[in-house]
Amino acid sequence: MGIDFEQARTKMVDNQIRTTDVTSHPVLDAFLTVAREDFVPTKFRALAYIDDDIKVSDGSDGQMDRYLMEPSPLAKLIQLADVGSEDVVLEIGCGSGYVSALLSKLAGSVVALESDPALADEAAQTLSDLGFDNVAVVTGPLTEGYMPEAPYDVIFIGGSVEQMPASLFDQLRDGGRLVVVEGQGNASKANLYVREGGHTAARRGFNTCVKPLPGFAKTAEFQF
C-alpha cells in the first residue's frame, strides 16, 4: 500500500508543528497545502514527513551537504518572520525550493537565492512545474544577498550562521524584518532583526538547532 501523503502532511502539522507554539493560521495552512514530498530526492520521498532534517544535496568540491529543515523549527522561524500578503521576501539558501513554496503562500513575491547552480535549477523547475509563479530563483553567493530586487520586506535565512554580514541588513526596507538562526549546534538562537530609521535592532526569538548554511562561518582571527 502506498503512503497517504495528505494524511502524513496533516499529522506533521498536528503533531510536529502545532505542538511547538505555532498558532498562525496562514503558516499552518501553508504547511498543510505544500507537498513536502515533491521537494525531497526520490529515494527519501517516503521519509518526507519525518520529524528530522532531510538531505537534499551531497556536498561536492569542498562544499557542505545541504538539508531540508526539520518541520518544527522551520514553522517557528516562518511564524517569527510574520510575512504579509504584499511582502517582497528574499529567501537565502533556497535549497530544493520547499521553503520558497511555503513563503510564496504567505507573501506577494519571493526571490529565492541559492549558491549551488544545480540545486537552483532543480528548485526552479520544481516550483515552475507545481505552479508557484510568484517565486524567482536566482543564483549567487548567499552572504551577498540579492541587491537587484532590494529592498525587501522580509529576509529569511534558511539555516544557521556563525556570522551575519552587515550588508544583508542594508537590503531591508524601513520596517523590514530579517529572521536568522545564529550560533552553532545546540547553542544556536533564532533572532528577529527589525530595520527602523536606518538602524537595525535585534529581538530574541527562541533556542533551536538547525543545519548551517555555507559561507557564513566566522572569519579566522589572527592571534599572536
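How many helices and strands are there in the protein chain? The chain has 6 helices and 9 strands, and what you're looking at is a predicted model. Its radius of gyration is 17 Å, close to the 17 Å that the globule rule gives for 224 residues, so the chain is as compact as a globular protein of that length. If you follow the C-alpha trace along its principal axes, it spans about 60 × 40 × 35 Å.

Buried residues account for 47% of the 224 residues. As for how the chain meets itself, take the contacts between residues at least 6 apart in sequence: 54% of them join residues at least 24 apart.

Start with α3, which covers residues 71-81. Here 8 of the 11 residues are buried, so this helix is largely enclosed by the rest of the structure. The buried ones are Pro-71, Ser-72, Pro-73, Leu-74, Ala-75, Leu-77, Ile-78 and Ala-81. Pick out Ser-72 from that list: why does it count as buried? Its relative accessible area is 10%, and the cut-off for buried is under 20%. Setting aside residues up to four places away in sequence, Ser-72 touches Gln-16 and Thr-20.

Asp-82 has a positive phi, near 50°. With 57% relative accessibility, Asp-82 counts as exposed. Another aspartate to look at is Asp-21, in the loop between α1 (5-17) and α2 (25-33). Its phi is positive too, near 70°, and Asp-21 is exposed, with a relative accessible area of 60%.

The other enclosed helix is α4, residues 98-106. Since 8 of its 9 residues are buried, α4 is largely enclosed by the rest of the structure. Tyr-98, Val-99, Ser-100, Ala-101, Leu-102, Leu-103, Ser-104 and Leu-106 are the buried ones. Tyr-98 also leads us to the aromatic rings: ring pairs link Tyr-98 with Phe-31, Phe-39 and Phe-132 into a cluster.

How many aromatic pairs are there? The count comes to 5. One of them joins Phe-169 and Tyr-193, whose ring centres are 4.8 Å apart with the planes at 50°, so this pair is tilted. It ties together distant parts of the chain, as Phe-169 belongs to helix α6 (residues 166-169) and Tyr-193 to strand β8 (residues 189-196), 24 residues apart. Phe-169 and Tyr-193 are both buried.

Lys-76 lies over the face of Phe-206, 4.4 Å from the ring centre. Then there's Lys-211, whose charged end sits over the ring of Tyr-67, at 4.7 Å from its centre.

Next, find Met-64 in the loop between β1 (54-57) and β2 (66-68). Is Met-64 buried, partly exposed or exposed? At 35% relative accessibility, it's partly exposed. Leaving out its neighbours within four places in sequence, Met-64 is in contact with Gly-59, Pro-212, Leu-213 and Pro-214. Gly-215 is 151 residues away from Met-64 along the chain, yet their C-alpha atoms are separated by 9.7 Å.

A few last stops. What kind of peptide bond joins Ala-150 and Pro-151? It's a cis bond, with omega at about 5°, and Pro-151 is in the loop between β5 (135-139) and β6 (152-161). Most peptide bonds are trans. Finally, the cysteines: Cys-94 is buried, with a relative accessible area of 4%, while Cys-209 is partly exposed at 36%. The structure holds 0 disulfides.

Note on methods
Residues are numbered from 1 along each chain as its sequence is written. This is a predicted model: local features need pLDDT of at least 70, side-chain atom pairs count only at pLDDT 80 or more; totals for chains, interfaces and linings use all residues. Side-chain values use heavy atoms; hydrogens and water are left out. Buried means under 20% relative accessible area, exposed over 50%, partly exposed in between (1.4 Å probe, protein chains only). Helices (H or I, at least four residues) and strands (E, at least two) are DSSP runs, numbered from the N terminus. A disulfide is a pair of cysteine sulfur atoms within 2.5 Å. Rings of Phe, Tyr and Trp (its six-membered ring) pair if their centres lie within 6.5 Å; planes under 30 degrees apart count as stacked, over 60 as edge-to-face and the rest as tilted. A charge sits over a ring if NZ of Lys or CZ of Arg is within 6 Å of the ring centre and within 35 degrees of the ring normal. The radius of gyration is taken over C-alpha atoms; the globule rule is 2.2 Å times the number of residues to the power 0.38. Contact means heavy atoms within 4.5 Å.
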